[in-house]
Amino acid sequence: MQIIKELPAEKAPSDLPAVRLKVERRVLAKRRWRDQAEDGVDFGFDLSSPLAHGDVFFANEEKRYVIEQLPEKVFKVAYPDPREAAHRSWQVGNLHFPAQFTDNYLLVENDLAIRQMLERNDIPFEETDEVFQPVVAAAGHHHHDHSHSHDHDHSHDHSHDHSHSHDHGHDHHHHVPGESAGHSHDHGSGHHH
């Protein structure tokens with residue numbers, strides 16, 4: 001088995017025959033995995049960062065080995081104009097699913113939650129099989145960490161807002177000199193039923 005720890009330092013000559021190693025996106029996103037190229041050569045990967053579709057990960061005098069990410073079922077959402085592009089991208093991004101953006105359309109995982117959102121908002125889409133290279137894969141763990149802290153902040157903000165969202169529903173009285181300076185919030189005062 002050939003162990004690959006990083007991409008070759010030198011670019012392999014493009015005239016060398018290419019041998020494909022076909023792999024699913026979720027495996028390709030990992031740093032440690034193993035698979036077999038189409039010529040039967042076994043490879044083990046122990047990488048500092050994941051490989052991408054089209055990467056030449058190994059070469060010798062006779063051939064070069066290329067990552068070929070397998071197509072998967074995705075939804076293709078076209079944009080009729082830049083305004084819709086921004087709006088549809090925002091709607092899909094709001095669901096926190098991986099998405100790939102191009103000039104004319106976006107690709108997003110074929111998932112029931114996405115399908116329901118697209119149908120509910122009357123956004124046209126088509127089901128297709130494509131090599132899916134979502135933005136989060138490029139951003140790597142940084143995006144995940146950001147999402148995690150965002151979720152934490154959100155729940156913190158929610159409880160913070162909740163503790164200050166009550167409506168007093170009574171008149172505020174100013175203290176008259178000589179009266180007790182203690183301030184009491186009796187939410188029942190001023191309400192007689």
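**Sheet and cores**

Me: What stands opposite V74 in β10?
Reply: V74 stands opposite T128 in β10, where strands are DSSP runs (E, at least two residues) numbered from the N terminus. This is a predicted model, in which local features need pLDDT of at least 70, side-chain atom pairs count only at pLDDT 80 or more, and totals for chains, interfaces and linings use all residues. Residues are numbered from 1 along each chain as its sequence is written, and side-chain values use heavy atoms, with hydrogens and water left out.

Me: And over how many bridges do β7 and β10 pair?
Reply: Strand β7, residues 72-78, pairs with β10 in the antiparallel sense over 5 bridges; two strands count as paired if DSSP finds at least two bridges between them.

Me: What order do the strands of that open sheet take?
Reply: The 4 strands run in the order β8-β9-β7-β10 with antiparallel pairing, and the edge strands, each pairing on one side only, are β8 (99-101) and β10 (126-130).

Me: Switching topic, which residues have the most contacts inside the largest nonpolar core?
Reply: Among them are L21, W33, F43 and F57, in a core of 15 residues. Such a core is a set of buried Ala, Val, Leu, Ile, Met, Phe, Trp, Tyr and Cys residues joined through side-chain atoms within 4.5 Å, buried meaning under 20% relative accessible area with a 1.4 Å probe, protein chains only.

Me: Which element gives the largest share of this core?
Reply: That is β2, with 3 residues.

Me: What does the second core include?
Reply: The second, separate core has 12 residues, including F75, V77, I114 and M117.

Key. Buried < 20%, exposed > 50% of the residue type's maximum accessible area, 1.4 Å probe, protein only.
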